[in-house]
Amino acid sequence: MPRKTNGIPFKLHPGPKKGEDGKPLLYAQIVTRQKVNVNDIDEFCTNYRHTSSGEIKLMFSLLRDVTSMWLSRGYRVETPFGTIVPKLKLPGEYTEPDQVRGRAVLYDGVEFTPSKQFIADSDCSREGFRLIRDSVGNSQKDDPKAMEAALKQSARNGYVTIKKFMIFSGLKYNSAKAYLDSLCEGDNPRLERYREGRTLHYAILSDKPIGQK
C-alpha cells in the first residue's frame with residue numbers, strides 16, 4: 001500500500017502507561033506545520049476579512065488588558081473561545097476547613113476551558129493524518145549505532161554540546177544531557193564534562209565506539 005503523502009503530519013511518542021506486552025503505550029502528537037502570531041492574524045484579516053491594518057492587533061491588546069483586569073478581581077471571563085478563570089493553590093496539607101485562612105491561599109495562574117463550538121470549529125481531522133516515520137520518542141537512544149553516528153556528527157573541535165547533540169540524535173534536552181553524562185562515567189569514560197560560561201561542553205577522551213572497552 002502506498003504511503004500517505006497528504007494529511008496533517010503527526011508523530012508517535014511513548015506514554016507513561018504500559019500495555020500487556022510491557023511496552024509503553026503510544027500516543028499521537030501533531031507536528032505543527034507552521035506557527036502564526038498576532039501579526040499574521042492581523043495581516044490575514046486585513047487582506048481577507050475587510051479589517052483595517054492594525055485593528056486586530058489592537059483588539060487583542062485590549063482583550064488582554066480587560067481580561068487580565070477582570071481575572072485579577074477574581075472574575076470568570078467567558079469568550080467565544082472558551083472560559084478563563086483564575087487558579088488557586090493551597091500549599092501544605094489541610095484536612096479541616098477551619099484550619100485554612102485566606103493568607104494561606106496562593107494565586108496559581110489561569111485555567112482555560114475551550115468552548116464546545118470552538119473545539120468543533122477547530123476540528124483538524126477533515127484533512128486526515130499522516131504518520132511521520134522516525135524514531136518513536138527517545139527510543140533511538142537504545143540504538144548504539146545511531147547514538148555513535150550522532151556523537152561523531154555533533155563533535156566539533158574535540159568537544160560536543162548538548163544542543164548540538166540534540167540536533168543529530170533527535171533526543172530532547174534532558175535525554176540528550178543524560179546520555180552525554182553517562183559517557184562521562186565509569187573507569188574509562190569516553191567524555192569529560194566541563195562548563196564554559198553557561199554552556200556545558202563534553203570533551204572527547206576516547207574514539208572507541210559505544211559499547212567497546
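A: Let's begin with a term: a residue is buried at under 20% relative accessible area, exposed at over 50%, and partly exposed in between (1.4 Å probe, protein chains only). By that scale Asp181 is buried, with a relative accessible area of 14%. This is a predicted model, in which local features need pLDDT of at least 70 and side-chain atom pairs pLDDT 80 or more, while totals for chains, interfaces and linings use all residues. Residues are numbered from 1 along each chain as its sequence is written, and side-chain values use heavy atoms, leaving out hydrogens and water.

Asp181 sits in helix α6 (helices are DSSP runs of H or I, at least four residues, and strands are runs of E, at least two, numbered from the N terminus). What does the side chain of Asp181 join in a polar contact? The partner is the side chain of Tyr202, at 2.7 Å (a polar contact is a pair of N or O atoms within 3.5 Å; within protein, one must be able to donate a hydrogen and the other to accept it, and residues adjacent in sequence count only if both atoms are side-chain atoms). If residues up to four places away in sequence are set aside, Asp181 touches Arg193 and Tyr202 (contact means heavy atoms within 4.5 Å).

Helix α5 (residues 162-169) and helix α6 (residues 173-182) have axes that come within 9 Å and cross at roughly 105 degrees (axes are lines fitted to C-alpha atoms, for helices over the stretch in contact, and angles run from 0 to 180 degrees between N-to-C directions). On the α5 side, Ile162, Phe165 and Met166 take part; on the α6 side they meet Tyr173, Ala176, Lys177, Tyr179 and Leu180. Sorted by class, this contact has seven nonpolar, no polar and one charged residues (Ala, Val, Leu, Ile, Met, Phe, Trp, Tyr, Cys and Pro count as nonpolar, Asp, Glu, Lys and Arg as charged, the others, Gly among them, as polar).

Next come the strands. β7, β9 and β8 form an open sheet of three strands in the order β7-β9-β8, with antiparallel pairing (two strands pair if DSSP finds at least two bridges between them). At its edges are β7 (159-161) and β8 (191-196), each pairing on one side only. Ignoring direction, neighbouring strands of this sheet are turned by 30 degrees against each other on average. Between β8 and strand β9 (residues 199-204) there are six bridges in the antiparallel sense; for one example, Glu192 has Ala203 in β9 as its bridge partner. Helix α5 lies across β7 and β9, and runs at about 80 degrees to β7.

For comparison, here is another sheet. It is also open, with three strands in the order β2-β1-β6, but its pairing is mixed. Here β2 (24-30) and β6 (129-131) stand at the edges with a single partner strand each, so one side of each is left without a neighbour in the sheet. Its neighbouring strands are turned by 50 degrees against each other on average, direction ignored. Six bridges link strand β1 (residues 8-18) to β2, and these two run antiparallel. One of the bridge pairs is Lys18 with Pro24 in β2.

Val38, Asn39, Ile41, Asp42 and Cys45 in α1 meet Glu55, Ile56, Lys57 and Phe60 in α2. By class, that makes five nonpolar, one polar and three charged residues.

In the loop between α1 (38-48) and α2 (55-72) lies Thr51, which counts as buried at 17% relative accessibility. The side chain of Thr51 reaches the backbone oxygen of Cys45 at 3.2 Å. Beyond its neighbours within four places in sequence, Thr51 is in contact with Asp42, Cys45, Thr46 and Ile56.
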